[in-house]
Amino acid sequence: MAVHDSHFVKQIKSLKERVFGRSPIKDSVLDRAIVYYTGIEFSSSRQDKLNTLLEKEQEKLAIASKGNLESTKQAIRQVEAQLQELELEKEEARRARLENLVAICSEILSITESTSFAETNRKSAQCLGTIQLLSPSEGKKVAPENEISKPIYRGILSLRLLDELCMSHTITDPYVTKFLEGHDGEKYKSFSVDAPEKHQLFVDFVKMPIMMAAILQDIGNFHPDAQDLLFGKDGQQDPYRILPVEERKNLLQINYRETVRYFVDGLGTRKYVGGSKKERDLFDEREREKIAFIKHILRSSVSPKQGIGNVLKVPQIYCSIIFSTKASYSYKVIPKVYQVLEQNAERGACAQFAVDALYKITGMFPQGFGVTYIPSESDGSPSDSYEYAIVTHLYPEHPEKPECRIATRKLAFIGYGHDITIQIDRNLYFPKTAKSMVNISKERLNEILELLSSNYLERQNLDLIPRCWNTKDYFSLKTNQNLWNKQTQ
């Protein structure tokens, strides 16, 4: 972790590692799931040996003489005590896994949500944008880094999609509407202020399980059976390769089965702490309903049709494009993500209304994407150069007109730019706009490149009229990391 990162960037990097990182002490959400799946924590052979030993002692008891009776009973009690101790250890480990995940989800909620709808969107944009800006766009680390980036990003996006569907009266799932209690539509924006206790229940029993499901949506891929498919029996295959159709089907089945099993057995439900039987009964009922809800949204996300599973499915497809782990990954095609989503909606893999809702939230250009645009001269005419900006706002007024923070002014990088809405006829991502610059001389375009690139080798790999720009080096400087502060002019 860079020493000179801002506090927020350090927090996002830490969260990514604590969710899907791998460490020697095996304390991330992913590490804990792998330990559970592989049985490292509590060897099944240990339990098998104890059960076999118990059976043998019980057989001895049936034929034991008076002299051996008490010693056989004692041996049985010792084995039963060891089995009981093993079950207690398993229960403690289960609770620790659940508490760890709940704590991380609570932290994500704290840095993405507020009582104000506008502030929730600003904070969420900051989180989503930071994750994107920290992700490499080229090199050998793209696939593994993108895999680490997906879970948190997917979780945040699922909650913002849930918000939008609640505000547009599109949510019909009875479990969700039960906790909304009429606070949908415009009322949803002030839910936390108007009814704080009811809103907290909505957070605990709707938002939290959705975030948990989104984060762990692909955790079953780390079960040994799935890993055998991904890495091959010899362990030498590229896990990010495109699998044959049958293997892909098998992987999807394993992932779904083992993800559900992990939620039910590996995480389970919280235990009530207190002395009220009435409160305990209500608590236990809600915990059972919550785990049933998680199973329901995971199952329905496989083929969501018009149901609640779209809250997971649509962000999942979105993330599979902007954080692709395939060799064909290209930063330049990220804004084409909605073409892929539209195709999925057309063939029934997800619902069109959910795709439209997400498009309204994110617009065409994802948070943190580097936009190149033609600025205006003092008289309003287009300049003979271009500048750099970074997408920093959710809910753009027009999906194809991203709201950005400028990163350069007069062809010099700055860390204190103002916000700007980039029009289609000024955004070089659109071919028609890029064509408007063809009359500019190569000498002038090379002059611009020289000012906006750090060295000759970098310039060699850049287009004379770039459709977008790589933001990673810019964002690596602490002075450029506060893109979401109050606008400065």
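Which residues lie nearest the centre of the largest pocket? In this predicted model, they are Lys-150, Asp-218, Arg-248, Ser-320 and Lys-326. The lining of the pocket comprises 48 residues. The space inside amounts to about 1700 Å³. By class, 23 of the lining residues are nonpolar, 14 are polar and 11 are charged. Several helices contribute to this lining with at least two residues each. They are helix 1 (7–20), helix 6 (142–167), helix 10 (224–231), helix 11, helix 12, helix 13 (310–322) and helix 14 (337–346).

The protein has 489 residues, and 50% of them count as buried. Its secondary structure consists of 19 helices and six strands. Along the principal axes, the C-alpha atoms fill a box of roughly 110 × 55 × 45 Å. The mean pLDDT of the protein is 90. A score of at least 70 is reached by 91% of the residues.

The structure contains three cavities of 30 Å³ or more. The largest cavity holds about 60 Å³ of space. Its lining is formed by Leu-98, Met-212, Phe-263, Leu-267, Gly-268, Thr-269, Glu-287, Lys-290, Ile-291 and Ile-294. Six of these residues are nonpolar, two are polar and two are charged. Helix 11 (245–267) and helix 12 (277–302) each provide at least two residues of this lining. Helix 12 gives the most, with four residues. Helices 11 and 12 also each supply at least two residues to the lining of the largest pocket.

Four strands make up an open sheet, in the order 1-2-3-6, with antiparallel pairing. Strand 1 (370–373) and strand 6 (419–421) are the edge strands, each pairing on one side only. On average, neighbouring strands of the sheet are turned by 45 degrees against each other, direction ignored. Strands of a sheet pair through backbone hydrogen bonds, in either a parallel or an antiparallel manner.

Strand 1 and strand 2 run antiparallel and are joined by four bridges. Here Tyr-373 stands opposite Glu-387 of strand 2. Strand 2 is joined in turn to strand 3 by three bridges, again in an antiparallel arrangement. Ile-390 has Arg-405 of strand 3 as its bridge partner, and Val-391 stands opposite Cys-404 of strand 3. Three bridges also join strand 3 (residues 403–406) to strand 6, and these two strands run antiparallel. Cys-404 is paired there as well, with Ile-420 as its bridge partner in strand 6.

Strand 2 (residues 387–391) is mostly covered, with five of its five residues buried. On one side lie Glu-387, Ala-389 and Val-391. Tyr-388 and Ile-390 lie on the other. Both faces of strand 2 are therefore covered, because the residues on each side are all buried, that is, under 20% relative accessible area. Strand 3 shows buried residues in both directions too. Glu-403 and Arg-405 point one way from strand 3, whereas Cys-404 and Ile-406 point the other way. All four are buried. Among the buried residues are thus the charged residues Glu-387 of strand 2 and Glu-403 and Arg-405 of strand 3.

Leu-451 is found in helix 17 (residues 442–452). Is this residue buried, partly exposed or exposed? Leu-451 counts as partly exposed because its relative accessibility is 47%, which falls between the limits of 20% and 50%. In sequence, Leu-451 and Met-364 are 87 residues apart. In space, their C-alpha atoms are 28 Å apart.

Terms used: Residues numbered from 1 in each chain as written. Predicted model: local features only at pLDDT ≥ 70, side-chain atom pairs only at ≥ 80, totals over all residues. Heavy atoms only, no water. Pairing = 2+ DSSP bridges. Axes fitted to C-alpha atoms, helices over the stretch in contact; angles between N-to-C directions. 1 Å grid on protein atoms, 1.4 Å probe; cavity = no way out; pocket = protein on both sides within 12 Å on 5 of 7 lines; lining within 4 Å. Points joined across faces, edges and corners; volume = space filled by probe spheres on them. pLDDT = per-residue confidence, 0-100. Buried < 20%, exposed > 50% of the residue type's maximum accessible area, 1.4 Å probe, protein only.
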